[in-house]
Amino acid sequence: MGMGVLASQLARQLGGALSTSDHASVVSINLFVALLCACIVLGHLLEENRWLNESITALIIGLCTGVVILLTTQGKSSHVLVFSEDLFFIYLLPPIIFNAGFQVKKKQFFRNFMTITLFGAVGTMISFFTISLAAIAIFSRMNIGTLDVGDFLAIGAIFSATDSVCTLQVLNQDETPFLYSLVFGEGVVNDATSVVLFNALQNFDLNHIDTMVILKFLGNFLYLFVSSTFLGVFSGLLSAYIIKKLYIGRHSTDREVALMMLMAYLSYMLAELLDLSGILTVFFCGIVMSHYTWHNVTESSRVTTKHAFATLSFIAETFLFLYVGMDALDIEKWKFASDSPGKSIGVSSILLGLVLVGRAAFVFPLSFLSNLTKKTPAEKISWRQQVVIWWAGLMRGAVSIALAYNKFTRAGHTQLHGNAIMITSTITVVLFSTMLFGMMTKPLIRFLLPASSSAISEPSSPKSLHSPLLTSLIGSDLETAIPMVRPSSLRMLLTKPTHTVHYYWRKFDDALMRPMFGGRGFVPYTPGSPTDPNVPIERLTSI
(Lines give C-alpha, C1' and ligand atoms only; values in the text may rest on other atoms or scores of the structure.)
Protein backbone atom coordinates (compact mmCIF):
# COMPACT_ATOMS: atom_id res chain seq x y z
CA MET A 1 0.00 0.00 0.00
CA GLY A 2 2.85 2.34 0.88
CA MET A 3 4.44 1.84 -2.54
CA GLY A 4 1.10 2.43 -4.25
CA VAL A 5 0.55 5.72 -2.40
CA LEU A 6 4.09 6.83 -3.20
CA ALA A 7 3.64 5.99 -6.86
CA SER A 8 0.36 7.89 -7.07
CA GLN A 9 1.89 10.94 -5.37
CA LEU A 10 4.84 10.85 -7.76
CA ALA A 11 2.51 10.58 -10.73
CA ARG A 12 0.50 13.60 -9.52
CA GLN A 13 3.68 15.66 -9.02
CA LEU A 14 4.97 14.74 -12.48
CA GLY A 15 1.59 15.49 -14.01
CA GLY A 16 1.49 18.83 -12.24
CA ALA A 17 5.01 19.70 -13.43
CA LEU A 18 4.17 18.74 -17.00
CA SER A 19 0.92 20.68 -16.96
CA THR A 20 2.77 23.72 -15.57
CA SER A 21 5.40 23.41 -18.31
CA ASP A 22 2.73 23.01 -20.99
CA HIS A 23 0.84 26.00 -19.63
CA ALA A 24 4.00 28.16 -19.74
CA SER A 25 4.60 27.10 -23.35
CA VAL A 26 1.03 27.91 -24.33
CA VAL A 27 1.32 31.34 -22.66
CA SER A 28 4.60 32.02 -24.50
CA ILE A 29 3.14 31.01 -27.87
CA ASN A 30 0.02 33.10 -27.30
CA LEU A 31 2.12 36.12 -26.40
CA PHE A 32 4.37 35.78 -29.45
CA VAL A 33 1.49 35.27 -31.88
CA ALA A 34 -0.31 38.31 -30.44
CA LEU A 35 2.88 40.38 -30.73
CA LEU A 36 3.40 39.21 -34.33
CA CYS A 37 -0.14 40.37 -35.17
CA ALA A 38 0.59 43.72 -33.51
CA CYS A 39 3.82 44.07 -35.54
CA ILE A 40 1.97 43.38 -38.79
CA VAL A 41 -0.78 45.92 -38.00
CA LEU A 42 1.70 48.61 -36.90
CA GLY A 43 3.90 47.87 -39.91
CA HIS A 44 0.92 48.48 -42.18
CA LEU A 45 0.10 51.75 -40.42
CA LEU A 46 3.74 52.89 -40.67
CA GLU A 47 4.17 51.82 -44.31
CA GLU A 48 4.70 55.39 -45.54
CA ASN A 49 6.81 56.48 -42.58
CA ARG A 50 10.22 57.68 -43.72
CA TRP A 51 11.96 56.71 -40.48
CA LEU A 52 10.50 53.39 -39.30
CA ASN A 53 10.11 50.01 -40.98
CA GLU A 54 8.70 46.68 -39.82
CA SER A 55 12.01 45.34 -38.53
CA ILE A 56 12.59 48.37 -36.30
CA THR A 57 8.94 48.29 -35.21
CA ALA A 58 9.27 44.61 -34.19
CA LEU A 59 12.51 45.41 -32.36
CA ILE A 60 10.88 48.24 -30.40
CA ILE A 61 7.83 46.10 -29.55
CA GLY A 62 10.18 43.33 -28.38
CA LEU A 63 12.09 45.76 -26.16
CA CYS A 64 8.88 47.18 -24.66
CA THR A 65 7.54 43.68 -24.02
CA GLY A 66 10.84 42.74 -22.37
CA VAL A 67 10.55 45.75 -20.05
CA VAL A 68 6.97 44.80 -19.10
CA ILE A 69 7.99 41.19 -18.36
CA LEU A 70 10.99 42.44 -16.38
CA LEU A 71 8.74 44.60 -14.23
CA THR A 72 6.05 41.94 -13.71
CA THR A 73 8.62 39.30 -12.72
CA GLN A 74 10.35 41.79 -10.36
CA GLY A 75 13.61 41.72 -12.29
CA LYS A 76 13.94 37.93 -12.52
CA SER A 77 13.36 37.55 -16.27
CA SER A 78 12.83 39.69 -19.35
CA HIS A 79 11.78 37.13 -21.94
CA VAL A 80 9.51 34.13 -22.38
CA LEU A 81 11.92 32.38 -24.75
CA VAL A 82 15.72 32.16 -24.42
CA PHE A 83 17.64 33.06 -27.57
CA SER A 84 18.64 29.81 -29.25
CA GLU A 85 21.10 29.72 -32.12
CA ASP A 86 19.54 26.42 -33.21
CA LEU A 87 16.13 28.09 -33.50
CA PHE A 88 17.71 30.89 -35.49
CA PHE A 89 19.92 28.89 -37.88
CA ILE A 90 17.63 25.88 -38.37
CA TYR A 91 14.12 27.38 -38.45
CA LEU A 92 14.15 31.16 -38.94
CA LEU A 93 17.03 31.90 -41.31
CA PRO A 94 16.39 29.29 -44.10
CA PRO A 95 13.00 30.67 -45.29
CA ILE A 96 14.36 34.24 -45.27
CA ILE A 97 17.45 33.49 -47.34
CA PHE A 98 15.65 31.07 -49.69
CA ASN A 99 12.92 33.58 -50.47
CA ALA A 100 15.57 36.22 -51.11
CA GLY A 101 17.14 33.98 -53.77
CA PHE A 102 13.75 32.92 -55.11
CA GLN A 103 12.44 36.51 -55.52
CA VAL A 104 15.69 38.30 -56.43
CA LYS A 105 15.85 40.00 -59.81
CA LYS A 106 18.40 37.75 -61.46
CA LYS A 107 19.13 40.23 -64.25
CA GLN A 108 20.51 42.79 -61.81
CA PHE A 109 22.08 40.22 -59.49
CA PHE A 110 24.15 38.46 -62.13
CA ARG A 111 24.97 41.66 -63.99
CA ASN A 112 26.69 42.79 -60.78
CA PHE A 113 27.82 39.30 -59.75
CA MET A 114 31.56 40.04 -59.86
CA THR A 115 31.13 43.22 -57.80
CA ILE A 116 28.85 41.39 -55.34
CA THR A 117 31.41 38.60 -54.93
CA LEU A 118 34.21 41.15 -54.58
CA PHE A 119 32.35 43.01 -51.83
CA GLY A 120 30.87 39.93 -50.14
CA ALA A 121 33.96 37.69 -50.04
CA VAL A 122 37.05 39.91 -50.37
CA GLY A 123 35.40 42.81 -48.55
CA THR A 124 34.39 40.62 -45.63
CA MET A 125 37.96 39.32 -45.34
CA ILE A 126 39.27 42.92 -45.26
CA SER A 127 36.69 43.87 -42.62
CA PHE A 128 37.51 40.71 -40.64
CA PHE A 129 41.25 41.44 -40.50
CA THR A 130 40.66 45.15 -39.76
CA ILE A 131 38.34 44.48 -36.82
CA SER A 132 40.38 41.52 -35.50
CA LEU A 133 43.72 43.33 -35.50
CA ALA A 134 42.19 46.42 -33.91
CA ALA A 135 40.46 44.27 -31.25
CA ILE A 136 43.76 42.54 -30.41
CA ALA A 137 45.52 45.90 -30.12
CA ILE A 138 42.82 47.61 -28.02
CA PHE A 139 41.00 45.00 -25.94
CA SER A 140 44.15 43.19 -24.81
CA ARG A 141 45.05 46.37 -22.87
CA MET A 142 41.62 46.89 -21.29
CA ASN A 143 41.62 43.86 -18.98
CA ILE A 144 38.07 42.82 -19.79
CA GLY A 145 38.49 39.14 -19.00
CA THR A 146 40.27 35.98 -20.04
CA LEU A 147 40.05 36.51 -23.81
CA ASP A 148 42.67 34.99 -26.10
CA VAL A 149 43.65 35.43 -29.77
CA GLY A 150 40.93 33.02 -30.88
CA ASP A 151 38.31 35.16 -29.13
CA PHE A 152 39.57 38.36 -30.78
CA LEU A 153 39.53 36.71 -34.23
CA ALA A 154 36.00 35.47 -33.51
CA ILE A 155 35.03 39.07 -32.70
CA GLY A 156 36.27 40.04 -36.17
CA ALA A 157 34.07 37.37 -37.79
CA ILE A 158 31.06 38.25 -35.61
CA PHE A 159 31.09 41.96 -36.42
CA SER A 160 31.90 41.47 -40.09
CA ALA A 161 28.44 39.92 -40.57
CA THR A 162 26.00 42.52 -41.90
CA ASP A 163 22.25 42.25 -41.37
CA SER A 164 20.94 41.24 -44.80
CA VAL A 165 17.45 40.76 -43.30
CA CYS A 166 17.16 44.42 -42.33
CA THR A 167 18.50 45.40 -45.76
CA LEU A 168 15.37 43.85 -47.26
CA GLN A 169 13.32 46.29 -45.21
CA VAL A 170 15.22 49.53 -45.86
CA LEU A 171 15.98 49.12 -49.59
CA ASN A 172 13.38 48.73 -52.34
CA GLN A 173 14.08 46.35 -55.21
CA ASP A 174 11.90 48.35 -57.62
CA GLU A 175 12.97 51.89 -56.66
CA THR A 176 16.74 51.23 -56.43
CA PRO A 177 17.37 47.94 -58.29
CA PHE A 178 21.11 48.48 -58.68
CA LEU A 179 21.72 49.31 -55.01
CA TYR A 180 19.35 46.57 -53.82
CA SER A 181 21.07 43.85 -55.86
CA LEU A 182 24.51 45.08 -54.78
CA VAL A 183 23.84 45.62 -51.06
CA PHE A 184 21.58 42.62 -50.55
CA GLY A 185 23.66 40.27 -52.72
CA GLU A 186 26.77 41.39 -50.88
CA GLY A 187 24.92 40.91 -47.57
CA VAL A 188 24.03 37.28 -48.33
CA VAL A 189 27.58 36.44 -49.46
CA ASN A 190 28.89 38.42 -46.47
CA ASP A 191 26.77 36.47 -43.97
CA ALA A 192 27.85 33.18 -45.52
CA THR A 193 31.51 34.27 -45.53
CA SER A 194 31.34 35.39 -41.90
CA VAL A 195 29.77 32.10 -40.77
CA VAL A 196 32.33 30.10 -42.79
CA LEU A 197 35.15 32.21 -41.29
CA PHE A 198 33.76 31.74 -37.79
CA ASN A 199 33.46 27.97 -38.20
CA ALA A 200 36.90 27.70 -39.82
CA LEU A 201 38.47 29.53 -36.86
CA GLN A 202 37.14 26.87 -34.49
CA ASN A 203 39.05 24.13 -36.32
CA PHE A 204 42.55 25.64 -36.14
CA ASP A 205 45.16 26.03 -33.42
CA LEU A 206 45.41 29.81 -33.37
CA ASN A 207 48.15 29.88 -30.74
CA HIS A 208 50.70 28.74 -33.33
CA ILE A 209 49.96 30.73 -36.47
CA ASP A 210 52.35 30.27 -39.37
CA THR A 211 52.24 30.31 -43.18
CA MET A 212 50.93 26.74 -43.46
CA VAL A 213 48.09 27.43 -41.01
CA ILE A 214 47.05 30.52 -43.00
CA LEU A 215 47.18 28.61 -46.31
CA LYS A 216 45.14 25.73 -44.86
CA PHE A 217 42.66 28.26 -43.48
CA LEU A 218 42.24 29.95 -46.88
CA GLY A 219 42.00 26.56 -48.65
CA ASN A 220 39.32 25.40 -46.23
CA PHE A 221 37.45 28.65 -46.73
CA LEU A 222 37.48 28.33 -50.54
CA TYR A 223 36.40 24.68 -50.31
CA LEU A 224 33.40 25.54 -48.12
CA PHE A 225 32.46 28.45 -50.38
CA VAL A 226 32.55 26.48 -53.65
CA SER A 227 31.04 23.29 -52.19
CA SER A 228 28.11 25.18 -50.64
CA THR A 229 27.31 26.93 -53.91
CA PHE A 230 27.53 23.67 -55.87
CA LEU A 231 25.21 21.88 -53.42
CA GLY A 232 22.61 24.64 -53.74
CA VAL A 233 22.71 24.53 -57.55
CA PHE A 234 22.56 20.73 -57.56
CA SER A 235 19.55 20.67 -55.19
CA GLY A 236 17.68 23.18 -57.33
CA LEU A 237 18.40 21.26 -60.54
CA LEU A 238 17.38 17.95 -58.93
CA SER A 239 14.02 19.38 -57.86
CA ALA A 240 13.48 20.76 -61.38
CA TYR A 241 14.32 17.42 -63.00
CA ILE A 242 12.04 15.39 -60.69
CA ILE A 243 9.05 17.71 -61.09
CA LYS A 244 9.61 17.99 -64.87
CA LYS A 245 9.82 14.23 -65.43
CA LEU A 246 7.03 13.15 -63.09
CA TYR A 247 4.77 16.19 -63.55
CA ILE A 248 3.26 15.68 -60.10
CA GLY A 249 0.76 18.50 -60.65
CA ARG A 250 -1.40 16.41 -62.94
CA HIS A 251 -2.60 14.51 -59.84
CA SER A 252 -2.08 16.98 -57.00
CA THR A 253 -0.81 20.55 -56.93
CA ASP A 254 -0.37 20.22 -53.17
CA ARG A 255 2.32 17.57 -53.69
CA GLU A 256 4.43 19.65 -56.04
CA VAL A 257 4.23 22.68 -53.75
CA ALA A 258 5.20 20.51 -50.77
CA LEU A 259 8.05 18.94 -52.75
CA MET A 260 9.46 22.36 -53.67
CA MET A 261 9.37 23.52 -50.05
CA LEU A 262 10.85 20.33 -48.62
CA MET A 263 13.66 20.07 -51.19
CA ALA A 264 14.60 23.70 -50.55
CA TYR A 265 14.78 23.03 -46.81
CA LEU A 266 16.58 19.73 -47.42
CA SER A 267 19.36 21.58 -49.28
CA TYR A 268 19.94 23.79 -46.24
CA MET A 269 19.97 20.89 -43.78
CA LEU A 270 22.28 18.84 -46.03
CA ALA A 271 24.73 21.76 -46.04
CA GLU A 272 24.60 21.91 -42.23
CA LEU A 273 25.03 18.13 -42.03
CA LEU A 274 28.12 18.29 -44.25
CA ASP A 275 29.51 21.30 -42.30
CA LEU A 276 29.06 23.61 -45.30
CA SER A 277 27.42 27.05 -45.48
CA GLY A 278 23.66 26.56 -45.45
CA ILE A 279 23.15 30.27 -46.22
CA LEU A 280 24.94 30.08 -49.58
CA THR A 281 23.40 26.70 -50.39
CA VAL A 282 19.77 27.70 -49.85
CA PHE A 283 20.27 31.09 -51.56
CA PHE A 284 21.54 29.55 -54.81
CA CYS A 285 18.95 26.78 -54.51
CA GLY A 286 16.30 29.53 -54.51
CA ILE A 287 17.79 31.17 -57.61
CA VAL A 288 17.91 27.87 -59.54
CA MET A 289 14.41 26.87 -58.43
CA SER A 290 12.97 30.19 -59.59
CA HIS A 291 14.61 29.74 -63.01
CA TYR A 292 13.80 26.09 -63.68
CA THR A 293 11.55 24.37 -61.09
CA TRP A 294 8.98 27.17 -60.82
CA HIS A 295 8.20 26.96 -64.55
CA ASN A 296 7.64 23.19 -64.36
CA VAL A 297 4.66 23.37 -61.98
CA THR A 298 1.05 24.25 -62.72
CA GLU A 299 -0.12 27.84 -62.85
CA SER A 300 -1.94 27.59 -59.52
CA SER A 301 1.20 26.14 -57.88
CA ARG A 302 3.28 29.04 -59.22
CA VAL A 303 1.00 31.55 -57.50
CA THR A 304 0.89 29.43 -54.33
CA THR A 305 4.65 28.94 -54.02
CA LYS A 306 5.44 32.59 -54.72
CA HIS A 307 3.14 33.82 -51.96
CA ALA A 308 3.87 30.93 -49.57
CA PHE A 309 7.64 31.53 -49.65
CA ALA A 310 7.16 35.29 -49.25
CA THR A 311 4.76 34.81 -46.31
CA LEU A 312 7.04 32.36 -44.48
CA SER A 313 9.96 34.74 -44.96
CA PHE A 314 7.96 37.71 -43.71
CA ILE A 315 6.79 35.90 -40.55
CA ALA A 316 10.32 34.65 -39.83
CA GLU A 317 11.78 38.16 -40.25
CA THR A 318 9.22 39.71 -37.90
CA PHE A 319 9.58 36.91 -35.34
CA LEU A 320 13.36 37.29 -35.50
CA PHE A 321 13.46 41.00 -34.65
CA LEU A 322 10.79 40.53 -31.98
CA TYR A 323 12.87 37.72 -30.51
CA VAL A 324 16.10 39.77 -30.50
CA GLY A 325 14.34 42.74 -28.91
CA MET A 326 12.96 40.66 -26.04
CA ASP A 327 16.23 38.79 -25.44
CA ALA A 328 18.25 42.02 -25.39
CA LEU A 329 17.14 42.69 -21.81
CA ASP A 330 18.23 39.30 -20.44
CA ILE A 331 18.95 40.26 -16.84
CA GLU A 332 21.43 37.43 -16.24
CA LYS A 333 24.06 38.67 -18.72
CA TRP A 334 23.65 42.30 -17.69
CA LYS A 335 24.24 41.37 -14.02
CA PHE A 336 27.65 39.89 -14.81
CA ALA A 337 28.59 42.94 -16.90
CA SER A 338 27.16 45.50 -14.43
CA ASP A 339 30.24 45.40 -12.22
CA SER A 340 31.99 47.69 -14.70
CA PRO A 341 29.32 49.60 -16.67
CA GLY A 342 31.84 52.14 -17.94
CA LYS A 343 34.01 49.40 -19.40
CA SER A 344 30.97 47.77 -21.03
CA ILE A 345 29.94 51.07 -22.63
CA GLY A 346 33.53 51.64 -23.76
CA VAL A 347 33.72 48.19 -25.40
CA SER A 348 30.39 48.77 -27.17
CA SER A 349 31.55 52.16 -28.45
CA ILE A 350 34.87 50.76 -29.69
CA LEU A 351 33.11 47.87 -31.45
CA LEU A 352 30.69 50.28 -33.14
CA GLY A 353 33.61 52.41 -34.30
CA LEU A 354 35.40 49.30 -35.64
CA VAL A 355 32.26 48.36 -37.58
CA LEU A 356 32.28 51.80 -39.23
CA VAL A 357 36.01 51.65 -40.02
CA GLY A 358 35.95 48.00 -41.10
CA ARG A 359 33.20 48.60 -43.65
CA ALA A 360 34.79 51.78 -44.99
CA ALA A 361 38.10 49.90 -45.37
CA PHE A 362 36.70 47.83 -48.22
CA VAL A 363 33.66 49.65 -49.67
CA PHE A 364 35.51 52.68 -51.03
CA PRO A 365 38.75 50.95 -52.20
CA LEU A 366 36.88 48.04 -53.82
CA SER A 367 34.40 50.44 -55.46
CA PHE A 368 37.39 52.27 -56.96
CA LEU A 369 38.78 48.97 -58.30
CA SER A 370 35.38 47.96 -59.64
CA ASN A 371 34.97 51.26 -61.44
CA LEU A 372 38.29 50.72 -63.23
CA THR A 373 36.72 47.78 -65.09
CA LYS A 374 33.64 49.77 -66.19
CA LYS A 375 33.62 51.42 -69.59
CA THR A 376 30.83 54.00 -69.23
CA PRO A 377 30.06 56.44 -66.38
CA ALA A 378 26.54 54.98 -66.10
CA GLU A 379 27.96 51.58 -65.12
CA LYS A 380 30.28 52.97 -62.45
CA ILE A 381 29.43 53.19 -58.75
CA SER A 382 29.13 56.90 -58.02
CA TRP A 383 30.44 58.50 -54.84
CA ARG A 384 26.90 58.96 -53.50
CA GLN A 385 26.07 55.34 -54.19
CA GLN A 386 29.24 54.27 -52.37
CA VAL A 387 28.14 56.23 -49.28
CA VAL A 388 24.72 54.52 -49.38
CA ILE A 389 26.36 51.08 -49.79
CA TRP A 390 28.66 51.82 -46.85
CA TRP A 391 25.81 53.07 -44.66
CA ALA A 392 23.26 50.34 -45.54
CA GLY A 393 25.76 47.64 -44.57
CA LEU A 394 26.49 49.04 -41.10
CA MET A 395 23.52 47.29 -39.48
CA ARG A 396 24.32 44.21 -37.42
CA GLY A 397 21.62 41.66 -36.63
CA ALA A 398 20.73 38.17 -35.52
CA VAL A 399 23.68 36.51 -37.29
CA SER A 400 26.09 38.51 -35.11
CA ILE A 401 24.08 37.69 -31.97
CA ALA A 402 23.89 33.98 -32.83
CA LEU A 403 27.64 33.77 -33.45
CA ALA A 404 28.37 35.69 -30.24
CA TYR A 405 26.15 33.30 -28.24
CA ASN A 406 27.93 30.36 -29.87
CA LYS A 407 31.35 31.69 -28.88
CA PHE A 408 30.77 33.32 -25.49
CA THR A 409 27.97 31.28 -23.88
CA ARG A 410 27.13 27.67 -23.09
CA ALA A 411 23.47 26.77 -23.73
CA GLY A 412 22.62 30.49 -23.69
CA HIS A 413 24.21 31.16 -20.28
CA THR A 414 27.56 32.54 -19.15
CA GLN A 415 29.19 33.23 -15.81
CA LEU A 416 32.48 34.66 -17.06
CA HIS A 417 32.88 38.41 -16.73
CA GLY A 418 34.68 38.89 -20.07
CA ASN A 419 32.18 36.74 -21.97
CA ALA A 420 29.24 38.60 -20.41
CA ILE A 421 30.74 41.93 -21.49
CA MET A 422 31.15 40.67 -25.07
CA ILE A 423 27.54 39.40 -25.17
CA THR A 424 26.05 42.63 -23.79
CA SER A 425 28.28 44.71 -26.08
CA THR A 426 27.13 42.69 -29.09
CA ILE A 427 23.49 43.24 -28.13
CA THR A 428 24.14 46.96 -27.67
CA VAL A 429 25.82 47.28 -31.09
CA VAL A 430 22.99 45.33 -32.77
CA LEU A 431 20.25 47.46 -31.19
CA PHE A 432 22.04 50.75 -31.78
CA SER A 433 23.07 50.01 -35.37
CA THR A 434 19.70 48.54 -36.40
CA MET A 435 17.66 51.36 -34.94
CA LEU A 436 19.92 54.34 -35.75
CA PHE A 437 21.37 53.27 -39.10
CA GLY A 438 18.12 51.54 -40.12
CA MET A 439 16.03 54.64 -39.38
CA MET A 440 18.45 56.92 -41.23
CA THR A 441 18.87 54.78 -44.37
CA LYS A 442 15.63 55.78 -46.14
CA PRO A 443 16.13 59.55 -45.59
CA LEU A 444 19.78 59.18 -46.65
CA ILE A 445 18.81 57.48 -49.91
CA ARG A 446 16.22 60.16 -50.65
CA PHE A 447 18.79 62.88 -49.93
CA LEU A 448 21.72 61.41 -51.87
CA LEU A 449 19.83 59.61 -54.63
CA PRO A 450 16.70 61.32 -55.93
CA ALA A 451 14.11 59.22 -57.76
CA SER A 452 15.78 59.82 -61.12
CA SER A 453 18.97 58.09 -59.95
CA SER A 454 17.34 54.67 -60.04
CA ALA A 455 17.06 54.95 -63.80
CA ILE A 456 20.68 56.03 -64.09
CA SER A 457 21.90 53.10 -62.01
CA GLU A 458 20.65 50.60 -64.59
CA PRO A 459 22.61 51.22 -67.81
CA SER A 460 20.79 50.68 -71.03
CA SER A 461 22.39 48.22 -73.42
CA PRO A 462 21.34 46.06 -76.37
CA LYS A 463 19.72 42.88 -75.13
CA SER A 464 21.20 40.91 -78.01
CA LEU A 465 24.75 41.37 -76.75
CA HIS A 466 24.17 41.98 -73.04
CA SER A 467 21.57 39.32 -72.29
CA PRO A 468 21.19 38.84 -68.53
CA LEU A 469 22.30 35.61 -66.91
CA LEU A 470 19.40 33.36 -65.92
CA THR A 471 16.84 35.83 -67.23
CA SER A 472 13.26 34.60 -67.42
CA LEU A 473 12.19 36.91 -70.25
CA ILE A 474 10.95 35.27 -73.43
CA GLY A 475 10.97 36.84 -76.86
CA SER A 476 13.99 39.04 -76.26
CA ASP A 477 16.07 40.36 -79.11
CA LEU A 478 18.45 37.47 -78.67
CA GLU A 479 15.85 34.96 -79.78
CA THR A 480 14.87 36.76 -82.96
CA ALA A 481 16.72 36.03 -86.13
CA ILE A 482 18.12 39.49 -86.76
CA PRO A 483 21.34 39.39 -88.76
CA MET A 484 24.12 41.37 -87.15
CA VAL A 485 27.88 41.47 -87.21
CA ARG A 486 29.46 40.29 -83.96
CA PRO A 487 33.03 40.79 -82.87
CA SER A 488 35.20 37.75 -82.29
CA SER A 489 34.73 35.76 -79.05
CA LEU A 490 38.20 36.73 -77.76
CA ARG A 491 37.60 40.41 -78.44
CA MET A 492 34.19 40.26 -76.72
CA LEU A 493 35.70 38.53 -73.68
CA LEU A 494 38.47 41.12 -73.34
CA THR A 495 36.31 44.20 -73.87
CA LYS A 496 33.08 43.14 -72.12
CA PRO A 497 33.82 40.06 -69.99
CA THR A 498 30.60 40.07 -67.95
CA HIS A 499 28.33 40.60 -70.93
CA THR A 500 30.17 37.94 -72.93
CA VAL A 501 29.68 35.37 -70.16
CA HIS A 502 25.99 36.29 -70.07
CA TYR A 503 25.70 35.83 -73.82
CA TYR A 504 27.32 32.38 -73.92
CA TRP A 505 25.50 31.26 -70.79
CA ARG A 506 22.18 32.10 -72.48
CA LYS A 507 23.12 29.99 -75.50
CA PHE A 508 24.17 27.09 -73.25
CA ASP A 509 21.00 27.46 -71.17
CA ASP A 510 18.70 27.35 -74.19
CA ALA A 511 20.58 24.51 -75.90
CA LEU A 512 21.14 22.13 -72.98
CA MET A 513 19.87 23.20 -69.57
CA ARG A 514 16.25 24.10 -70.33
CA PRO A 515 15.51 21.00 -72.44
CA MET A 516 16.83 18.84 -69.59
CA PHE A 517 15.61 20.66 -66.48
CA GLY A 518 12.63 22.57 -67.82
CA GLY A 519 11.88 26.23 -67.52
CA ARG A 520 9.76 28.60 -69.53
CA GLY A 521 8.96 27.14 -72.94
CA PHE A 522 10.21 23.63 -72.25
CA VAL A 523 7.45 22.15 -70.07
CA PRO A 524 6.42 18.82 -71.65
CA TYR A 525 2.79 18.06 -72.40
CA THR A 526 1.21 15.58 -70.02
CA PRO A 527 -2.53 14.99 -69.43
CA GLY A 528 -3.50 17.69 -66.99
CA SER A 529 -0.59 19.93 -67.97
CA PRO A 530 -1.35 23.61 -68.69
CA THR A 531 0.74 23.36 -71.87
CA ASP A 532 -1.28 23.54 -75.07
CA PRO A 533 -0.94 20.15 -76.83
CA ASN A 534 -1.41 21.75 -80.24
CA VAL A 535 1.69 23.88 -79.91
CA PRO A 536 5.04 22.11 -80.50
CA ILE A 537 7.52 22.39 -77.65
CA GLU A 538 10.04 24.13 -79.90
CA ARG A 539 7.57 26.94 -80.66
CA LEU A 540 6.77 27.70 -77.02
CA THR A 541 9.84 29.91 -76.68
CA SER A 542 8.45 32.35 -79.21
CA ILE A 543 5.05 32.71 -77.55
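Hi everyone, and thanks for coming. A word on the ground rules before the tour. What you see is a predicted model, where local features need pLDDT of at least 70 and side-chain atom pairs count only at pLDDT 80 or more, while totals for chains, interfaces and linings use all residues. Residues are numbered from 1 along each chain as its sequence is written, and side-chain values use heavy atoms, with hydrogens and water left out.

Let's start with the whole chain. It has 20 helices and 0 strands; helices are DSSP runs of H or I with at least four residues, strands are E runs of at least two, and both are numbered from the N terminus. Of the 543 residues, 51% are buried, where buried means under 20% relative accessible area, exposed means over 50%, and partly exposed is in between, with a 1.4 Å probe and protein chains only. The accessible surface comes to about 25000 Å², and 67% of that belongs to carbon and sulfur atoms; the areas come from the Shrake-Rupley method with a 1.4 Å probe, and for residues only the protein chains shown count as cover. Now take the contacts with a separation of 6 or more: 82% of them join residues 24 or more positions apart. Contact here means heavy atoms within 4.5 Å.

On to helix pairs. How do α3 and α10 cross? The axes of α3 (residues 85-103) and α10 (residues 253-273) come within 10 Å and cross at roughly 115°, so α3 is roughly perpendicular to α10. For the record, axes are lines fitted to C-alpha atoms, for helices over the stretch in contact, and angles run from 0 to 180 degrees between N-to-C directions. Under 35 degrees counts as roughly parallel, over 145 as roughly antiparallel, 65 to 115 as roughly perpendicular, and the rest as oblique.

From α3, the contact includes Phe-89, Leu-93 and Phe-102, and from α10 it includes Met-260, Tyr-265 and Met-269. By class, the residues of this contact are 12 nonpolar, no polar and no charged. Nonpolar covers Ala, Val, Leu, Ile, Met, Phe, Trp, Tyr, Cys and Pro, charged covers Asp, Glu, Lys and Arg, and the others, Gly among them, are polar.

Next, α6 (residues 149-158) and α16 (residues 398-408). Their axes come within 9 Å and cross at roughly 165°, so α6 is roughly antiparallel to α16. This crossing is right-handed. Among the residues that meet are Asp-151 and Ala-154 in α6 and Leu-403 and Lys-407 in α16. The class count for this contact is 7 nonpolar, 2 polar and 2 charged.

Now some backbone angles. Most residues other than glycine have a negative phi. Tyr-247, in the loop between α9 (211-246) and α10, has a positive phi near 40°. Asp-275, in the loop between α10 and α11 (278-291), has a positive phi of about 60°. Which is buried and which is exposed? Tyr-247 is buried, with a relative accessible area of 1%, whereas Asp-275 is exposed, at 61%.

Last stop: Ser-370, in helix α14 (residues 341-372). Ser-370 is buried, with a relative accessible area of 5%. Leaving aside neighbours within four places in sequence, Ser-370 is in contact with Thr-115 and Ile-381. Ser-370 and Met-114 are 256 residues apart in sequence, yet 8.8 Å apart in space, C-alpha to C-alpha.

Methods
A crossing is left-handed if the near helix is turned anticlockwise from the far one by less than a right angle, and right-handed if clockwise.
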